[in-house]
Amino acid sequence: MIIRTNWVLASLVATCLVFPIIPPSTAADTPSQTTRPEAKIESAEAIAIAQNLVAVPDSYTEPTVQKKTYGPSEIPVWDVSWRSEQDKQGWIHVTIDADSGIVREFSYRNHNLKPVFPPALSMREAADAARNWLKKTTPNQQLDYQLDPDQWKKTRTILLSPREEYELEFSPMIDGIPFADQRIEVMVRGDGTILEMRRDGPDAESVTFEPVENMLSPDAVMETLRKETGVVLATFIETDYSGEKPQEKQGSFTYELTHPLYYIDAHTGQHRNYHGDVIPFRRTDEASRLHTDQMAEAPTSTSTGSPDQPVSPEQVKQLFLQTYIPPEGVTLHQVVKGPSWPKCGCPFYYAIDAEYESLQGTHRWAIAAYDEKGNLFRFNLAPLYKPQEGDFTFRQPPEGPFPVTPEQAEKTATAFVQKVNAGYLDQLYADNNAYGGDADGAFYRFSYERKVDGVNVQSDRITVEVSKKTGEVVLYEREWSENLTIPPKEQFITPEQAKRLYLEASRLRLQYTLFRSEGARSGSSESAPATAQLVYDFLSPGNQGYSLDALTGKIIDNRTGEERKSPEDTPAQRELPADIRDHAAGRELAHLLQLGAIQVGEDGLLHPERSISRGEFYDIWYTLEHPHRYLSPSWSKSQPTVDREPSFADVSADHPYYQAIEWAVERKRVATTMSNFEPDRPITREEALVSLVNALGYAELASDDELFQLPFADQDQIKQRGHVALGMKMELLQVSGDTFQPAESVSLGEAADMLYRYMVRKAEKTQEEDDDD
């Protein structure tokens, strides 16, 4: 996607890739010299279209217009730009199709826009604003747009800082059906201002659309799937490499379809892949496997090690020479011991370095790697075929036609797998991805899955690549787990139950799509219009971020590990507590609730007028700046520990606010001059304001109380007048009347208001510093 999660952090990289930092009107871009008919849209009309998209600030220059070409098809476009006279990073850039008037790209930069936080609009409200705005981008077409139905799981549904924007993706609607091949990405500020738009894919006017008559109903399609599909048990082994030795962790057991489903033809009910090819349905797992009979006879194992007696470097070298004879010009250099290897499942490994002499010098690479038991898990001859840095080309990639057939290559690959995996052949099955090639088209690729006691081990597989020219194995990779435990089969729900639950949790989404062959053809301006087909996109639980637990039969959210909840049941969509709907800090409190920084009571209310403790204040603040509970819902269950001694006697490492308080100490938001923190004592106005001013970097300035005058009648009661004066100047706190009441306890609503005012001021300060740089 072109849209950034955090514009400030990503702008230098992302805008270079998509939207130029220097406005296009000043960039060195020579228009194409291709002769084309005169554009239907005049420059004045293009300016009017652009002006209809955004209110141009008074400080921006008069528009500049350039005629250019756009995209691989070099369609004629108008580039309309405005520049800020005050800010070199401020501009408006609009790319408009010179034939149709469709807006291809839009970019708006204005550093005078004040941060808005919490956002004034929810994601749904921002999507409505974007949808209405998009209608202006096709002035000569009356199109409606659909927000991606999976938007809620692709990107965050709430903004986490003042410098974030909503990242939304739309498709145009054709007779009420989304045209999925055109994706429109829109970036929206929290106040509804559109900052970016990019339109990708073919325009609806360049495509013909299949008629909707005689279309199968979703119920009819699901009935076919109930009859024609099957399920298989699966598991996944996770490996943690953070410690000294890799630690394998048994994943959950799930049921998956025996064969993944892509599109269901809405007229015929046939299963089609992304190219439009008809793929038969499969009821059983065995039917999807290829050539399992080739692995029936197991030759003698070449492995010589054991857990108690690992192989030696010399044994590893001998094992390799039993398997493979290096080609002429390649010599084995040395055997190197390494600590661990990703997806090897081994505590250490041996790598065999090979050398090849060429005119450019000596070239060295790891030709093979073995685990401690002597099992080969990587063999790599590809560097001899693929040009690397310099001219490391022992043999050039072939151009074809290829003397080696796929069938011949598969026999070679299978024989190699048999030879180096003799003790595991009963667990290996040929995958359906056979004959797939590498990126250069020089090799055939074959995959072998692992299946133990009827359970597919999805983390484990073997991949082999065979040269199309020489017929030899050029790459072998083995991903293998050692610690695997399979429960008794009676503990699993039955396949019949699993298929019913799996299909009930799946969805069918009707859409128009261009199969890949059609999509490629439609990219040419000289080709006949492509035809978009009506299909049902099959959305399995896995596509939606869920899995079917094979032991309980529950649909589990892969992100939280908990039973699935509908999008409407997430915190961002629940109805707000009644006592904050009309509260002055209602927006702030609602955002904190969505972040998981605060929780409703047993009565379903937040009680915003109640006083909050010192510990709770810093816990809310910590969560606002580090929203772990929102980003990782399981975080609160296994809260990380701080690698330091507790700073206060009354806040031990197991205290619920320990993490937040130590964070505040580390960031110098809390002084450690006292032995006790008093986490349960209500926080006062002055204490809260002092911490916020310190956090903004004004501690030294605020320490000189004589510099500041306060308008409050009770200023003599204020201990740190400089902090209070600066805090009030920055409007971090609203006070009514002529007294400050520094010892007054802060309510939940006041704390929320103060913290969000701080977040906005922090963003403004960062922007000011960036502008100075």
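Good morning. The protein chain in this predicted model has an average pLDDT of 83, and 82% of the residues score at least 70. For residues 1–37, however, the pLDDT is below 50, although this stretch has 71 contacts in the model beyond near neighbours in sequence. The pLDDT also stays under 50 over residues 387–395, where the model has 20 contacts beyond four places in sequence. Where pLDDT is low, the predicted coordinates should not be read in detail.

I turn now to a pair of helices. Helix H11, residues 614–625, and H14 have axes that come within 12 Å and cross at roughly 30 degrees. Angles under 35 degrees count as roughly parallel, so H11 is roughly parallel to H14. The crossing of these two helices is right-handed. Which residues meet between them? From H11 there are Arg614, Phe617, Tyr618 and Trp621, and from H14 they meet Glu687, Ala688, Ser691, Leu692 and Ala695.

My last topic is Arg669. This residue is found in the loop between helix H13, residues 658–666, and helix H14, residues 685–695. Is Arg669 buried or exposed? Its relative accessibility is 7%, and the cut-off for buried is under 20%, so Arg669 counts as buried. With which side chain does the side chain of Arg669 make a polar contact? The partner is the side chain of Glu625, at 2.8 Å. Leaving aside residues up to four places away in sequence, Arg669 touches Tyr618, Trp621, Glu625, Trp663, Ala664, Ser691, Ala695 and Tyr758. Among these, Tyr618 and Trp621 in H11, and Ser691 and Ala695 in H14, also take part in the meeting of the two helices. Thank you.

Key
Residues are numbered from 1 along each chain as its sequence is written. This is a predicted model: local features need pLDDT of at least 70, side-chain atom pairs count only at pLDDT 80 or more; totals for chains, interfaces and linings use all residues. Side-chain values use heavy atoms; hydrogens and water are left out. Helices (H or I, at least four residues) and strands (E, at least two) are DSSP runs, numbered from the N terminus. Buried means under 20% relative accessible area, exposed over 50%, partly exposed in between (1.4 Å probe, protein chains only). A polar contact is a pair of N or O atoms within 3.5 Å; within protein, one must be able to donate a hydrogen and the other to accept it, and residues adjacent in sequence count only if both atoms are side-chain atoms. Contact means heavy atoms within 4.5 Å. pLDDT is the predictor's confidence in each residue, from 0 to 100. Axes are lines fitted to C-alpha atoms, for helices over the stretch in contact, and angles run from 0 to 180 degrees between N-to-C directions. Angles under 35 degrees count as roughly parallel, over 145 as roughly antiparallel, 65 to 115 as roughly perpendicular and the rest as oblique. A crossing is left-handed if the near helix is turned anticlockwise from the far one by less than a right angle, and right-handed if clockwise.
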